[in-house]
Amino acid sequence: MGLGMGDQTPASQRKAAAAAGGGGLAALKLLLCVLLVGLALRLLVGPSAYLLSDTATATAAPEGEVASDGSCDLSHGEWVPDSLGPSYTNGSCRFIEMPQNCMTNGRPDSGYLYWRWKPYGCDVPRFEGEKFLEAMRGKHWALIGDSILRNHVQSLLCLLAKVEEPTQVYHDRTFKSRRWHFASHNITVSLIWAPFLVEAEIFEDDDGRSTSELQLHLDILDSNWTRQWNSFDYVVISTGQWFPKTAVYWEDGVLTGCHYCKNKNIAELTFEYAFRKSLRKAFQFITSSPHKPVVFYRTWSPSHFENGEWSSGGTCKRTVPFKPGEAGDRESDKKMWRIEREEFAKAAAHDRSNNAGRLKLLDTFELSLLRPDGHSGPYRTYHPFDKGTTSKVQNDCLHWCLPGPIDAWNDIIMEMLEMN
């Protein structure tokens, strides 16, 4: 900044001196004085100010990304050691379900608990349950999507239960959709099962075994969430993980194609096609609805299977985060992430023209990608390697241990609320 002023001020002063007939020597002396003052100011401020300025410019969030004051991209950074550890434990929170309760299930290492997400150029403060509850009095939060959203809501409840324990006031027959109430703050938190966001007929058990192909109606939204829309004040919504499965696609009541259907005379369509269509339909509903809650779209949560996948013996044995650049190509993950960002950008542009940008991108892709150590792995069940166990140990390298890395998702939500 000092250099910029040094370039402009002498020019105007030289014009004034020439008009007054002071001659070139006076102007030269004045120019030297200004340059010396600028140099002194730069030395006084120190080089750190210029480094911060450069960093802020370099990390400014592109349109549609989460940003702090227009300068710090909360989604771009690295995991750094944190001696404080998690805000809650498996012993202090009763909302952690068994498949995510890694410590109770016998996970022997605990180093994965001692990291925090550090965006480049800024910090994300820890989630403050008391402040959140006070600010959200009388509000209804909904988390809409698949089992990763169920994982997420457990983290949120654990953070809030340090201040007030909620009461479960509803669950469906399968316990996939649930509702909790914080009585003293009159806050409702709903978990709504809608793994595709569009209408789906599912023939699969909790271990991923299917008896028939999924039937997806890409032009009809899942009424499980749309019929409740007018009651929501804040929404976290996401989808994606179920789309690579074998599925038959319907539009306008007509069978239009299928993904990976064997021995069927049906046109092959990619699951990316279905993912994009479903997202577009959901965003169209959100932006055109007269009811305007604040909506956070949470981006793709990558799995970290190695040496196979869920059904082919894949494992996740890492105990520390990836450093930036270590995760590899991950083209399939990045393709899903790109589709989300493209469809979000279109929706956000339309949304801003109507209701002041209440649609927000909760971009957790990078921070999640860098945590191969944060999954349940074999510890989705109680002490899977105890003596006498003869059955094959199933690894879960998709869902996350709690406490664990996805607590940072709530830290970022809190920071985004603070910024607005």
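# A guided tour of the predicted chain

Begin by selecting Arg371 and Trp79: Arg371 lies over the face of Trp79, at 4.5 Å from the ring centre. A charge counts as sitting over a ring if NZ of Lys or CZ of Arg is within 6 Å of the ring centre and within 35 degrees of the ring normal. Select Lys245 next; its charged end sits over the ring of Trp242, 5.0 Å from the centre.

This is a predicted model, in which local features need pLDDT of at least 70 and side-chain atom pairs count only at pLDDT 80 or more, while totals for chains, interfaces and linings use all residues. Residues are numbered from 1 along each chain as its sequence is written, and side-chain values use heavy atoms, with hydrogens and water left out.

**The whole chain**

Display the whole chain to find ten helices and 15 strands. These are DSSP runs numbered from the N terminus: helices are H or I with at least four residues, and strands are E with at least two. Of the 420 residues, 48% are buried; buried means under 20% relative accessible area, exposed over 50%, and partly exposed in between, with a 1.4 Å probe and protein chains only.

**The core**

Now select Trp141, Ile144, Trp225, Ile237 and Phe296, which touch the most other members of the largest nonpolar core, a set of 89 residues. Such a core consists of buried Ala, Val, Leu, Ile, Met, Phe, Trp, Tyr and Cys residues joined through side-chain atoms within 4.5 Å. Helix α5 (residues 147–161) gives the most to this core, with nine residues.

Centre the view on Trp141. Leaving aside residues up to four places away in sequence, its contacts include Phe132, Tyr234, Phe296 and Leu417; contact means heavy atoms within 4.5 Å. Ring pairs also link Trp141 into a cluster with Phe127, Phe132, Tyr234 and Phe296. Rings of Phe, Tyr and Trp (its six-membered ring) pair if their centres lie within 6.5 Å; planes under 30 degrees apart count as stacked, over 60 as edge-to-face and the rest as tilted.

The count of aromatic pairs is 18. Select Trp225 and Trp229 for one of them: the ring centres are 5.7 Å apart and the planes stand at 75°, so the pair is edge-to-face. Both Trp225 and Trp229 are buried.

**The disulfides**

Turn to the cysteines, where there are five disulfides, each a pair of cysteine sulfur atoms within 2.5 Å. Select Cys72 and Cys122, joined with an S to S distance of 1.9 Å. Cys72 is in the loop between α3 (47–58) and β1 (77–81), and Cys122 is in the loop between β2 (115–119) and α4 (129–135), 50 residues apart.

Continue to Cys102 and Cys401, joined at 2.0 Å from S to S. Cys102 lies in the loop between β1 and β2 and Cys401 in the loop between β15 and α10, so the pair ties together parts that are 299 residues apart in sequence. Both cysteines, Cys102 and Cys401, are buried.

**Backbone details**

Most residues other than glycine have a negative phi, and most peptide bonds are trans. Select Leu402 and Pro403, where the peptide bond is cis, with omega near -5°. Pro403 lies in the loop between β15 (396–400) and α10 (407–419).

Finish at Asp252, in the loop between β10 (247–251) and β11 (254–259). Asp252 has a positive phi of about 55° although it is not a glycine, and at 68% relative accessibility it counts as exposed.
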